[in-house]
Amino acid sequence: MMIEIDFQSDEAIYIQLTNQIIRGIATETIHEGDVLPSVRQMACDIGINMHTVNKAYTVLKQEGFLRLDRRKGAIIALDADKMQAMEEMRNSLRVLLAKGCCKNITGDEVHAMIDEILDEMKNGRM
């Protein structure tokens, strides 16, 4: 798994890490049951603080993307509660779409963007 952190970005490092792992799951470069590197190993591999990795893993656990096992570590385990996931996505989309409306982004542009992103995920380019 290739993780690239942009240290110049305004986005928090733990969020970058969290998002890249989620993208890895979406593009199927990371699969259900895969074991992520230990907090210490991940921190060493990408050159960040262990507490930052721990925070990302905690967020992923809370959002239903992984479970923590004392012996095996962080394991990709997708939450089966689709209805809850859809409601969370709906709430996030409401905010994103409101921001887009404020910037005069049309519905057609949003649909085209979604289609493009879904195609990227299907082809593992995300």
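This briefing describes the fold, core, surface and selected residues of a predicted model. The chain contains five helices and two strands, arranged along the sequence in the pattern α-α-α-β-β-α-α. Its C-alpha atoms fill a box of roughly 50 × 35 × 25 Å along the principal axes. Of the 126 residues in the chain, 24% are buried.

**Overall architecture**

- The accessible surface of the chain amounts to about 9300 Å², and carbon and sulfur atoms account for 53% of that area.
- When contacts between residues at least 6 apart in sequence are considered, 49% of them join residues at least 24 apart.

**Nonpolar core**

- The largest nonpolar core has 18 residues, and those touching the most other members are Leu 17, Ile 21 and Tyr 57.
- Two or more residues of this core come from each of helix H1 (13-26), helix H2 (39-46), helix H3 (50-62) and strand S2 (73-76).
- Helix H3 supplies the largest share of the core, namely four residues.
- With residues up to four places away in sequence left aside, Ile 21 touches Met 1, Ile 3, Ile 30, Leu 36, Tyr 57, Leu 60 and Ile 76.

**Ile 3 and the segment before H1**

- Ile 3 is located in the segment that precedes H1.
- Ile 3 counts as buried because its relative accessibility is 10%, and the cut-off for a buried residue is under 20%.
- Beyond residues up to four places away in sequence, Ile 3 touches Leu 17, Gln 20, Ile 21, Met 42 and Ile 46.
- Ile 3 and Asp 45 are separated by 42 residues in sequence, while their C-alpha atoms are 8.8 Å apart in space.

**Nonpolar surface patch**

- Met 89, Leu 93, Leu 96 and Leu 97 make a nonpolar surface patch of about 390 Å².
- Leu 96, one of the patch residues, is found in helix H4 (residues 82-102).
- The relative accessibility of Leu 96 is 55%, so this residue counts as exposed; the cut-off for that class is over 50%.

**Salt bridges**

- Side chains of opposite charge can pair when their charged atoms come close.
- The structure holds two salt bridges.
- Another salt bridge joins Glu 87 and Arg 90, with the closest N and O atoms 3.3 Å apart.
- Glu 87 and Arg 90 both belong to helix H4, where they are three residues apart, or about one turn of the helix.
- Glu 87 is partly exposed, with a relative accessible area of 37%, and Arg 90 is likewise partly exposed, with a value of 39%.

**Cysteines**

- A search of the whole structure finds zero disulfides.
- Cys 102 takes part in no disulfide, and the nearest cysteine sulfur, belonging to Cys 101, is 7.0 Å away; a disulfide would require the two sulfur atoms to be within 2.5 Å.
- Cys 102 counts as exposed because its relative accessibility is 66%.
- Cys 44 also counts as exposed, at 59% relative accessibility.

**Positive phi angles in loops**

- Glu 28 has a phi near 65 degrees, which is a positive value in a residue other than glycine.
- Glu 28 sits in the loop between H1 and H2, and its relative accessibility of 57% places it in the exposed class.
- Asn 104 has a phi near 60 degrees, again a positive value in a residue other than glycine.
- Asn 104 lies in the loop between H4 and helix H5 (107-122), and at 66% relative accessibility Asn 104 counts as exposed.

Key. Residues are numbered from 1 along each chain as its sequence is written. This is a predicted model: local features need pLDDT of at least 70, side-chain atom pairs count only at pLDDT 80 or more; totals for chains, interfaces and linings use all residues. Side-chain values use heavy atoms; hydrogens and water are left out. Patches are made of residues with over 30% relative accessible area and no salt bridge: like charges are joined within 9 Å, nonpolar side chains (Val, Leu, Ile, Met, Phe, Trp, Tyr) within 5 Å. Accessible areas come from the Shrake-Rupley method with a 1.4 Å probe; for residues, only the protein chains shown count as cover. A salt bridge is a side-chain nitrogen of Lys or Arg within 4 Å of a carboxyl oxygen of Asp or Glu. Buried means under 20% relative accessible area, exposed over 50%, partly exposed in between (1.4 Å probe, protein chains only). A nonpolar core is a set of buried Ala, Val, Leu, Ile, Met, Phe, Trp, Tyr and Cys residues joined through side-chain atoms within 4.5 Å. Contact means heavy atoms within 4.5 Å.
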